[in-house]
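Subject: Structure handover and notes

Hello,

Please find the structure below, with notes to read alongside it.

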Amino acid sequence: MGHAEYAKPGKPDILCASISVLVINTINSLEELAGETLQVDSDEETGFIRCVIESSLQEKSVFLMDSMVFGLQQLSKTYGEKYLTLKFEEV
């Protein structure tokens, strides 16, 4: 949720773009490659993306999610938690 705000004003935000690519690609892969049924809400202006998976994840879907989390963790380590904070919540 939210934009990374890593870039200086008027410059492209490579961190925000990287996060978006990881998240959107994972959502698309869950739908197209794994056949998951999802409810997706987004707001480009605020940087909000919400994805609800409507059933238990298949093994390949868990792998896709793990890959996304790994990528996000690497970005957080590289650019710092000031710009990308990951929160895990069991539901």
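The notes below cover the first helix, the core, the hairpin and the cysteines.

This is a predicted model, in which local features need pLDDT of at least 70 and side-chain atom pairs count only at pLDDT 80 or more, while totals for chains, interfaces and linings use all residues. Residues are numbered from 1 along each chain as its sequence is written, and side-chain values use heavy atoms, with hydrogens and water left out.

Helix α1

Helices (H or I, at least four residues) and strands (E, at least two) are DSSP runs, numbered from the N terminus. Helix α1 covers residues 14-32, which is 19 residues. The expected span of a helix is 1.5 Å times one less than its number of residues.

At the start of α1, the backbone nitrogen of L15 has a side-chain oxygen of D13 within 3.2 Å. This is a polar contact (a pair of N or O atoms within 3.5 Å; within protein, one must be able to donate a hydrogen and the other to accept it, and residues adjacent in sequence count only if both atoms are side-chain atoms).

Buried means under 20% relative accessible area, exposed over 50%, and partly exposed in between (1.4 Å probe, protein chains only). In α1 the buried residues are L15, C16, I19, V23, T26, I27, S29 and L30. They pack against β1 (38-43), β2 (48-53) and α2 (59-79). Contact here means heavy atoms within 4.5 Å.

T26 is buried, with a relative accessible area of 7%, and it touches L64, M65 and M68, not counting residues up to four places away in sequence. N25, also in α1, is partly exposed at 47%. N25 and L72 are 47 residues apart in sequence and 13 Å apart in space, C-alpha to C-alpha.

Core

A nonpolar core is a set of buried Ala, Val, Leu, Ile, Met, Phe, Trp, Tyr and Cys residues joined through side-chain atoms within 4.5 Å. The largest one has ten residues: L15, I19, V23, I27, L30, L38, M68, L72, L75 and L84. α1 and α2 are the elements that give two or more residues to this core, and the largest share, five residues, comes from α1. With residues up to four places away in sequence not counted, I27 touches L38, V40, I49 and C51.

Hairpin

Strands β1 and β2 run antiparallel and are joined by six bridges; two strands pair if DSSP finds at least two bridges between them. S42 stands opposite I49 in β2. The two strands form a hairpin with four residues between them, and G47 in the turn has a positive phi of about 80°.

Cysteines

Regards
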